[in-house]
Amino acid sequence: MNKLIRSAVLGTTAALALALVASVAPGTATATTLKEVKDKGTLVVGVKADYKPYGFLDSDGKIVGIEPTLAADVAKKLGVKLELVPVVSSNRMQFLEQGKIDLMIATMTDTPEREKVVEIVKPNYYSSGTNVMAPKKAKFKEWTDLKGVPVCGIQGAFYNRKTQEQFGADIVAFKGTAEALTALKQGRCVAFVYDDSFLISKLGDPEWADYDMPLKTIDDAPWGLAVAKGADKFAAFMSDMIKDWHKTGRILELETKYGVKNTPFALEMHEKYKGS
Amino acid sequence: MSRRPRNRPPVDLAGTTDLPVLLPAADSLARRAARERELGAALPRLDWRHGLVLLAVLLVSAGVAQAQAGAGREPVLEVLLRWMPVLLRGFLFNIVISFLAMAVGTLIGTWLGLMQISLLPPVRVGSWFVTQFFRNAPWLVLLFYCMFLLPFEFRIGGLVIPFPDWIKATIGLSLPVLANVSEIVRGAVNSIPSGQWEASESLAFNRRQILWMIILPQCVKRMLPPWMNLYAILTMATVLASIVGVSEMMTQAGRVLAAEDRPDLLIPIYSFVLLCFFVYCYPIARWTVALERRFQVKL
Amino acid sequence: MAWTPDQPLVSCKDVHKSFGAVEVLKGVSLDVAQGETICIIGPSGSGKSTLLRCINALVPIDRGSITVEGQEVHDPKLDKLALRRKVGMVFQQYNLFPHKSALQNVMMAPVTVLKQDRKEVEERAYRLLKKVRLSGKEQAYPGELSGGQQQRVAIARSLAMNPDVMLFDEVTAALDPETVKEVLVTIRELAEEGMTCLLVTHEMGFAREVADQIYFTDRGVIVEQGSPKEFFANAKDPRTQEFLSQIL
């Protein structure tokens, strides 16, 4: 009887102690240095797996797209193996902080708040603007026309808030583009706010002939790839890497390969660095 | 003032939440029969035919999607077939998570349940609190909690033990499971007639012997149906792991949709997910019902 | 203070017991000598079953004293398990272990509690089951036995511990009339063999036949006691007279 209780108490104590240890010793929150990556022989990169064409699955279950290809370039240059970890907007910075990934190339918009948390490497490797896709008959002219109108968005997208707060739209957020586009078709929202490059490619499809992108692209926001805070050498290495991508036109080449019209930002950066 | 006899099972516990150990099953069946009499018709029961309905939905939705998509596009069923390995690998993940969470939850939950009937008030109250806490917390919140609280790796000396997301999700899901198992165990032990305790005490068995040799063996039968029920619920809850980024079936379905970028695939793909879960959980549900019926008659 | 067989085997003195506000035993005193058979009769709720449960410490008492073979039952230092090895008890609801066969029911306690040799216990269990006329039913599970058969297994189970005294708590109350007799026969044989027995019963005829002493309890006190002959022939207390007139 007493033994029973004693072992039960012991078990619980042990479990609680474990939980406590776990909560006070959260792994190793140190930045991965370039040397460490080389030593372990593997570069772990966090990429999106649900954001075509920047990072998505192929039917073998492999993650492919523009950003995974860029990640492969980095690994090749370092002479190490590449490991891709799928991330989502809500965990990508935390993974980097924890050291779970060494590098993050995951469609992240560069903002001052984020720069405080992770080391966003300059220059920016990509950029996109925000626009909406809406039925032609809606006849939107200004962003303010969206006031009080249901607008579909993607969960966790950074421009949702602006569309809602600044222009007064009612954001209806969905898990992915397929869900959002379905909602748009069903009339559950009258516009879909998203990256302009994606919307342009969508509008080329005859299925969406009755829709257009009526507003002026706003927030041409740069994307930032990031390493952990304090990984200065790694950041410097990545900075050179980005410059090289712009110089050689690698980004433009990948855009074309994955069916995206060359974006003004990529063209401009190529112009800027090609002479260097 | 009557003192509680030292070697008797505690009868009145705070917050008696009676789980459907056995009799409530009879109860609900009786209620169902009464309702059916009232309505003059049979209520729908879970049936293999429901699986057929699901399959039909899948096929019809695929057909409709095809019609919408128009010619020139890859047929929906072919798309589905192409992605099947990716989706099924995701589903395997769901099953692995459900197995492990159930194993961990059962192991710890059994102890917790036994602590709930301990004679020591601190142990009893403590385990009661833990049980109630995890039983009444939303599963998703517990999942998030584990996801962001636990480290991605443990370092013990020079040894690095990685702690991937799916393991964290498993731990997160095992918390509500262990609380529910704890209640199932407590409920089952309390459902054993007190005469069993008296008889074994009068034969000079000590409390531990009574519990392990006399009471618990009788509880197993009573616990099995609610335990299996819990497993089915857990399996369906594993899709919650998609929200915290584990590559299980629901996550993979979302990624497939993103990769295909065809809104017409939405319904067929989610129907397929539904079908997989049905095919897996349905036999468990049937078996549970069968067990409930059998034990009901026998006792 | 060593106990000798000429002293009462079980001795209750001024036993008080309350459940909450209800006082069930209000000063009960009673002695059982070795080899004696005592029957306690009385209306329901008069505290008879509680008294039995106090004797083997299933229920603690509030005041008074109970000794078994000279040892105070409610001494906190007493080894309850040792006490219960000396005191066997049979219940109204049989309380056999439903997941064990008749033989296993009988064998379990001697093997696990007394750590006796399994082979030896098994032989004894067969013998005891034969004694209660259940040869051939060794492998049957309680669910497959009639009430009377189950009760006889329960008696054999208790006897397997070689107790010094047996407590019977209304053991025939839950039985069909036709099976009552087979259980009573078993108990009578035990009593005749010299087993010390303390019975709570409603079977007046049986009490008259086997008891050495009869106690009549009502509302927590012993109203009257005596040998069967004088008890049934000329009860003095009006409560006893009324009870007997209703029963007989």
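How many residues of domain 1 of chain A are in contact with how many residues of domain 2 of chain A? Read on for the answer in the first view. Everything here belongs to a predicted model, in which local features need pLDDT of at least 70, side-chain atom pairs count only at pLDDT 80 or more, and totals for chains, interfaces and linings use all residues. Residues are numbered from 1 along each chain as its sequence is written, while chains are lettered from A and ligands numbered from 1 in the order in which they are written.

**View 1. Where the two domains of chain A meet.** Ten residues of domain 1 of chain A are in contact with eight residues of domain 2 of chain A; contact asks for C-beta atoms, placed from the backbone, within 7 Å. On the domain 1 side, three of the touching residues are nonpolar, five polar and two charged. Here Ala, Val, Leu, Ile, Met, Phe, Trp, Tyr, Cys and Pro count as nonpolar, Asp, Glu, Lys and Arg as charged, and the others, Gly among them, as polar.

**View 2. Helix α6 of chain B.** Helices are DSSP runs of H or I with at least four residues, strands are E runs of at least two, and both are numbered from the N terminus. Of the 27 residues in α6(B), 25 are buried, with 20 or more other C-beta atoms within 10 Å of their own, C-beta atoms being placed from the backbone.

**View 3. Chain B against chain A.** This contact takes 33 residues from chain B and 35 residues from chain A. On the chain B side, α3(B) gives the most, with eight residues. That side holds 19 nonpolar, five polar and nine charged residues.

**View 4. Chain B against chain C.** Here 19 residues of chain B are in contact with 22 residues of chain C. α7(B) gives the most to the chain B side, with six residues. By class, this side has eight nonpolar, eight polar and three charged residues.

Conventions
Buried ≥ 20, exposed ≤ 12 C-beta atoms within 10 Å, placed from the backbone.
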